[in-house]
Amino acid sequence: MLDVVIKLIEVSFWSGAAALGFGILFNIPKNSILTVFLLGASAGFIKFLLIHFNIHVVLSSFTAASFVGIIGVPLAHKIHQPPVVFSIPPVIPMIPGYFAYETVLSIMNFTFMVDSPEKRLQLVDVIFTNGFTMVFVLLALTVGVALPMLLMKKNTVKKLDN
Amino acid sequence: MDESSKLIKTADLLLDISSLLMVSGANTSRINVTIDRFASVLNIKASSFISHKTIVMTLLDEKANLSRTRVKNIPPYTINFTIISAISKASWTAIDEQWSLEKINEEINRIKILEKYPRWLILIAVSLAGAGFCNIFNGDYLNMLVAFVSTFIGLYIFQETHKFKYNLYIRIFLGSFVSSSVASIAVIYSLGANPQTALATSILFLVPGVPLINSFTDLMDSNILNGLVRFTTGFMIVLAMTIGLFLAMYLFQINLR
């Protein structure tokens with residue numbers, strides 16, 4: 001139990017670090033550094049907690065991304081920042097890099113290297129499983145983070161009209 | 001200054017603001033909202049056509065019954081959230097304090113030269129992000145070191161080629177090829193527990209997160225054209241990354257475990 005918790009905290013810490021690294025690449029304002037780190041870390045925490053309870057990676061990514069979308073927008077208004085600053089960097093650590101890698105690797109093996117029909121059939125399975133998981137995780141991330149922003153955006157437009 | 005040249009000056013300022021926002025990675029509806037805010041302060045009506053490379057804007061001064069149209073080409077894209085944040089703040093203060101044209105111009109010129117993070121900090125932070133990615137995908141600390149080093153070298157090449165004004169997709173291909181080659185060497189000597197994770201994460205610093213997420217928000221806001229353009233940009237970047245990774249894996253003959 002304890003090592004699971006420690007692993008979870010370690011992974012969330014590095015999710016936060018990855019979010020912050022991308023934040024710095026995108027030149028986020030200095031006063032939002034801590035918030036981006038915390039949002040990235042909590043998104044990673046939620047994602048890996050759900051995965052630990054055997055929830056599919058697509059659904060857990062979606063939940064974590066909507067968490068970022070739901071928390072990020074009010075937070076942004078509170079510290080007077082536009083929502084993009086808090087919505088994009090924390091989501092990037094959840095990008096399905098390993099699925100993408102497996103897909104590319106198996107496509108390359110399928111096309112250039114493997115000749116035996118059984119292995120080729122296995123590779124087709126690997127390509128489709130990983131490829132579609134990658135596409136669905138990407139969709140879950142973009143929809144998950146953008147939908148709360150669009151739903152809550154009515155408020156800012158109203159403020160402008162007044 | 002007569003009304004006409006004042007209107008032209010205003011149009012140029014608003015175009016400057018929108019191209020600054022576009023280049024820094026704001027989505028289309030945010031640009032429209034910001035332009036409307038500044039226009040309401042200056043008591044004019046602005047309508048604009050925003051595309052990836054050009055912005056066309058018509059300003060209408062209802063009192064003088066005068067309208068002027070100006071066009072601006074958009075410079076190369078460099079994502080910069082500090083600028084988006086500063087312009088957003090300026091637009092709110094401008095409404096509260098009813099800024100004049102000169103005051104807005106002054107503020108925009110100040111925002112343009114806002115400091116960026118130093119290059120060494122960007123290099124280290126992004127490489128740490130690469131190492132973090134590696135940890136997320138079950139890499140141990142030796143794998144993370146490999147991911148750190150290969151991200152560092154790849155990003156360095158990516159930044160250096162910027163000076164030669166190479167095509168963006170060629171630069172991305174080069175960055176991806178170099179960093180995955182470095183990580184491939186570690187795979188061949190099988191360093192650490194999961195050497196392949198380092199290879200998978202070494203190119204993630206190029207991931208087009210901003211174009212893809214903005215593409216979706218634009219599509220949802222019915223800015224279909226801009227949404228498709230951003231999606232295509234993101235797709236081209238992913239393609240360039242994949243070809244770099246592909247080539248490195250082919251040269252180093254990486255197989256499935």
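This is a predicted model: local features need pLDDT of at least 70, side-chain atom pairs count only at pLDDT 80 or more; totals for chains, interfaces and linings use all residues.
Q: Why is A:Gly40 called buried?
A: A residue is buried if 20 or more other C-beta atoms lie within 10 Å of its own. A:Gly40 has 33 C-beta neighbours inside 10 Å, so A:Gly40 counts as buried.

Q: Where does A:Gly40 lie, and which residues does A:Gly40 touch?
A: A:Gly40 is part of helix H2 of chain A. Leaving out residues up to four places away in sequence, A:Gly40 touches A:Ser15, A:Gly16, A:Ala18, A:Ala19, A:Leu20, A:Pro89, A:Pro90 and A:Pro93. For another distance, take A:Asn27: A:Gly40 and A:Asn27 are 13 residues apart in sequence and 16 Å apart in space, C-alpha to C-alpha.

Q: What makes H1(A) oblique to H2(A)?
A: Look at the angle. Helix H1 (residues 2-25) and helix H2 (residues 33-52) of chain A pack at about 140 degrees, with axes 7 Å apart. Therefore H1(A) is oblique to H2(A): angles over 145 degrees count as roughly antiparallel, and 65 to 115 as roughly perpendicular, with the rest oblique once those under 35 are set aside as roughly parallel.

Q: What is the handedness of the crossing of H1(A) and H2(A), left-handed or right-handed?
A: The crossing of H1(A) and H2(A) is right-handed. In the contact of H1(A) with H2(A), the residues divide into 17 nonpolar, seven polar and no charged.

Q: How many residues of chain A are in contact with chain B, and which elements of chain A take part?
A: Here 43 residues of chain A are in contact with 48 residues of chain B. The elements giving two or more residues to the chain A side are H1, helix H4 (84-87), helix H5 (97-113) and helix H6 (117-152) of chain A. The largest share, 11 residues, comes from H1(A). By class, the chain A side has 32 nonpolar, 10 polar and one charged residues.

Q: What pattern does chain A follow along the sequence, and how many helices and strands does chain A have?
A: Chain A has seven helices and zero strands, and reads α-α-α-α-α-α-α along the sequence. The C-alpha trace of chain A spans about 70 × 40 × 30 Å along its principal axes. Of the 162 residues in chain A, 52% are buried.

Q: What pattern does chain B follow along the sequence, and how many helices and strands does chain B have?
A: Chain B has 10 helices and three strands. Reading along the sequence gives α-α-β-β-β-α-α-α-α-α-α-α-α for chain B. The C-alpha atoms of chain B fill a box of roughly 75 × 35 × 30 Å, taken along the principal axes, and 47% of the 257 residues of chain B count as buried.

Notes. Residues are numbered from 1 along each chain as its sequence is written. Chains are lettered from A and ligands numbered from 1 in the order in which they are written. Axes are lines fitted to C-alpha atoms, for helices over the stretch in contact, and angles run from 0 to 180 degrees between N-to-C directions. Helices (H or I, at least four residues) and strands (E, at least two) are DSSP runs, numbered from the N terminus. A crossing is left-handed if the near helix is turned anticlockwise from the far one by less than a right angle, and right-handed if clockwise. Ala, Val, Leu, Ile, Met, Phe, Trp, Tyr, Cys and Pro count as nonpolar, Asp, Glu, Lys and Arg as charged, and the others, Gly among them, as polar. Two residues are in contact if their C-beta atoms, placed from the backbone, lie within 7 Å. A residue is buried if 20 or more other C-beta atoms lie within 10 Å of its own, exposed if 12 or fewer, and partly exposed in between; C-beta atoms are placed from the backbone.
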